[in-house]
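Here is a short report on a protein model with its sequence. Look through the structure first, then read on.

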Amino acid sequence: MIPAQFDYVAPSSVEEAVAALAEHGDEAKVLAGGQSLLPILRMRLNAPSVVIDLGRIAELQGVSEEGDHLVIGAMTTYAALLDSEAVNTHAAVLNKAIHTVADPQIRHRGTIGGALVHADPAGDVGAPALALGAELVIAGPGGSTRTVAAEDFFEDLFTTAVGEGELLTQIRIPKHTGWGAHYEKFVRVSHQWSIVGVAATVRSEGGSIAEARVGLTNMGSTPLRAKAVEVALVGKPATDEAVREAVASVADGTNPPSDLNGDSDYRKHLATVLTRRAVLAAAGA
Amino acid sequence: MTRINVTVDGVSYSDEVEPRTLLVQYLRESLGKTGTVVGCDTSNCGACTVHLDGTSVKSCNVLAVQADGHEVTTIEGLATDGELHPVQQAFHECHALQCGYCTPGMIMQACDVLKHNPDPSEQEIREGLEGNLCRCTGYHNIVKAVQQAAGAMSSQAVSS
């Protein structure tokens, strides 16, 4: 199938893109890398009358460092992030998660900003963004910008804090230099969406866990951060027994979906197993 | 309609296209380059893989208007002066196809794998071809062909 007809706008700056959004309102859909949007348009699950392509906006591309933060342009592709030494050094859990996204061709086109705003609960970049305490910079009308913490960004299934007329422009990530990292993703077949995924990043001191951050993929209508588990892990030795105990309650309070890949209880069990594996791997055990 | 200027297999084209036209549709229906095929229509199978500015993409998942100002290489642009590309030659010699439908995409993606990693392990080849499905399940010989092509390309690089 091919998409329904639409008009195409390709602005060359954020300012122009925001102006196009203001002009077309909810008739418009923003095109980032297109790896989720184009299948949706082809299957006619959505039929916007205008598509605003961000692909020509240079200021939305690339990774830079600002003091103790990494600044990632929303249109930076997965492939560019995998090639980024800065991401690998200062936000290793993001690198590990992106390695598992889809397949090479999709990673060449798909963008981190597109994935975050699409907010598929089975997508792999939300959990590391939460675990790393990312901040999302959103541009609005009249040159305004606001910054939203990752914890406040994901509102519901496919719904984020990016409002009508607004655009995600940057992802700012506090550097986690020297932190071990792992993304444990459970799938049945190659390049499947996560049935459950766990992003863990750990700062170790003398064989013990000094600090830990844990994000969960597909354990509810949004990615989740497992704060109680993070607290329980502090000071624990990186052993199977100690970590098993500390993460046992990781699924408490979650409401994961039931579908053909597994029911809700199964996902809750899976989350404890995957969290243990992810934390142990991140701690280098 | 939107005007696009795009170079495909070394030839420049300037065409009016509907914005909703997929790159694969443009290649097949406007340019007659039917060597690139549509397999699944859901961006899973990789049969439509082409290179956009030298990087592999699924051409059913790119709009033709997004290729404006860029360079596309299809399976039809790989051979030079009637000589098969080493990956094409290796697929031929290793019998790396059964029905052949996935072959154009497999070859284009194999070229991308070898560009980034000239000497991949079997595991790396399988991971590199993760986004390309062979419904005949003929993966064994496909992997063998990519290994043979890697050898041929590195000895070619040494001799030149």
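## Contacts along chain B

In chain B, residues 24 or more positions apart account for 59% of the contacts with a separation of 6 or more. Two residues are in contact if their C-beta atoms, placed from the backbone, lie within 7 Å.

This is a predicted model: local features need pLDDT of at least 70, side-chain atom pairs count only at pLDDT 80 or more, and totals for chains, interfaces and linings use all residues. Residues are numbered from 1 along each chain as its sequence is written, while chains are lettered from A and ligands numbered from 1 in the order in which they are written.

## Overall build of chain B

Chain B has 5 helices and 5 strands. Along the sequence, they follow the pattern β-β-α-β-β-β-α-α-α-α. Chain B has a radius of gyration of 16 Å, close to the 15 Å that the globule rule gives for 160 residues, so it is as compact as a globular protein of that length. The radius is taken over C-alpha atoms, and the rule is 2.2 Å times the number of residues to the power 0.38. Helices (H or I, at least four residues) and strands (E, at least two) are DSSP runs, numbered from the N terminus.

Along the principal axes, the C-alpha atoms of chain B fill a box of roughly 45 × 35 × 25 Å. Of its 160 residues, 47% count as buried. A residue is buried if 20 or more other C-beta atoms lie within 10 Å of its own, exposed if 12 or fewer, and partly exposed in between; the C-beta atoms are placed from the backbone.

## The sheet

Chain B holds an open sheet of 5 strands in the order β2-β1-β5-β3-β4, with mixed pairing. Two strands pair if DSSP finds at least two bridges between them. The edge strands are β2 (11-17) and β4 of chain B, each pairing on one side only. Neighbouring strands are turned by 40° against each other on average, direction ignored.

Strand β1 (residues 2-8) of chain B runs antiparallel to β2(B), and 7 bridges join them. Here N5(B) stands opposite S14(B) in β2(B). Helix α3(B) packs on the sheet and touches β3 and β4 of chain B. The direction of α3(B) makes about 40° with that of β3(B). Axes are lines fitted to C-alpha atoms, for helices over the stretch in contact, and angles run from 0 to 180 degrees between N-to-C directions.

## Two domains in chain B

The domain assignment of chain B gives domain 1 (2-77) and domain 2 (86-159). Such bounds come from an automatic or database domain assignment. Taken over C-alpha atoms, the centres of these two domains are 22 Å apart.

In chain B, 15 residues of domain 1 are in contact with 11 residues of domain 2. On the domain 1 side, β3 (49-52) and β4 of chain B each supply at least two residues. β3(B) gives the most, with 3 residues.

## Where chain B meets chain A

The contact takes 24 residues from chain B and 25 residues from chain A. On the chain B side, the elements that give two or more residues are β4 (55-58) and α3 (103-116). The largest share, 4 residues, comes from β4(B).

By class, the side of chain B that touches chain A has 5 nonpolar, 13 polar and 6 charged residues. Ala, Val, Leu, Ile, Met, Phe, Trp, Tyr, Cys and Pro count as nonpolar, Asp, Glu, Lys and Arg as charged, and the others, Gly among them, as polar.
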